[in-house]
Amino acid sequence: MISSSSVLAICKDAAGVAGNIFAFGLFVSPMPTFRRIIRNQSTEQFSGLPYIYALLNCLLCMWYGTPLISSDNVLVTTVNSIGAVFQLIYIILFIVYAEKVKKLRMLGLLLVVFALFAIVVAGSLQIIDRMMRWIFVGTLSGASLVSMFASPLFIINLVIRTKSVEFMPFYLSLSTFLMSSSFFLYGLCNYDPFIYVPNGMGTILGIVQLVLYFYYSNRSREDSREPLIVSYG
């Protein structure tokens, strides 16, 4: 007979694997942007800041998932290691095709990210008490995740104001929801508040984005079916 702890472990691993798969959808979502950058040999008006923030977030969460900080969170380390590689590639491409001022600024920010990460790693290893080390790194990674999940609030506000989903890609919103909900369940099964709290917030924001998408996309279709010229006979 399978024990409840074994069922919980299976559910946790399944949720973690699903989260890794859905996260891949998020990691590859900027590819169309970078195809355009490479084709035009210019970063145009695109900003590199989202990739800087994403890299820092991935590095902090990757460090949190290691056995030195938290227990049994290997799948958190794997997903964020892959994410960090993707973000680093995007940043390098951005630097290659950016104009000189942007190039220098991005290089500076990249060095700041690595310096901050090194300080966090070195500082946390100085904390002898495992519980305090877990709380310290968990708080930093959790805060980083919350700030990343809060970034779509600007897009949500834009969708409501413009009544258009043009700037909120459906598959990006869907990937965010699926990844957040998977890691929310993963965190619950692992009794880890530093994972289930921020991902729970991400799940709620993902639901809001999807509801807005279907609401305003349906309204757009209904409006497009209305006659452009109304004749009065």
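Modeller: In what follows, Ala, Val, Leu, Ile, Met, Phe, Trp, Tyr, Cys and Pro count as nonpolar, Asp, Glu, Lys and Arg as charged, and the others, Gly among them, as polar. The model under discussion is predicted.

Colleague: By class, how many nonpolar, polar and charged residues does the lining of the largest pocket have?

Modeller: The largest pocket has a volume of about 1600 Å³. Among the 47 residues lining this pocket, Ser29, Pro50, Met148, Ser151 and Leu172 are the closest to its centre. Sorted by class, the lining comprises 30 nonpolar, 16 polar and 1 charged residues.

Colleague: Which element gives the largest share of the lining of the largest pocket?

Modeller: The elements that each give two or more residues to this lining are α1, α3, α4, α6, α7, α8 and α9. The largest share amounts to 9 residues, and its source is α3.

Colleague: Which exposed residues does the face of α7 turned away from its buried side carry?

Modeller: Helix α7 spans residues 152-162, and Pro152, Ile156, Leu158 and Val159 are buried there. Because these residues cover an arc of only 160° around the axis, they lie on the same side of α7. The face turned away from that buried side carries the exposed residues Phe154 and Arg161.

Colleague: Is Asn80 buried or exposed?

Modeller: Asn80 is found in helix α4. Leaving aside neighbours within four places in sequence, Asn80 is in contact with Asn57, Cys58, Cys61 and Met62. The cut-off for burial is under 20% relative accessible area. Since Asn80 has a relative accessible area of 11%, this residue is buried.

Technical notes:
Residues numbered from 1 in each chain as written. Predicted model: local features only at pLDDT ≥ 70, side-chain atom pairs only at ≥ 80, totals over all residues. Heavy atoms only, no water. Buried < 20%, exposed > 50% of the residue type's maximum accessible area, 1.4 Å probe, protein only. Helix = DSSP H or I, 4+ residues; strand = E, 2+ residues; numbered from the N terminus. Arc of directions from axis to C-beta. 1 Å grid on protein atoms, 1.4 Å probe; cavity = no way out; pocket = protein on both sides within 12 Å on 5 of 7 lines; lining within 4 Å. Points joined across faces, edges and corners; volume = space filled by probe spheres on them. Contact = heavy atoms within 4.5 Å.
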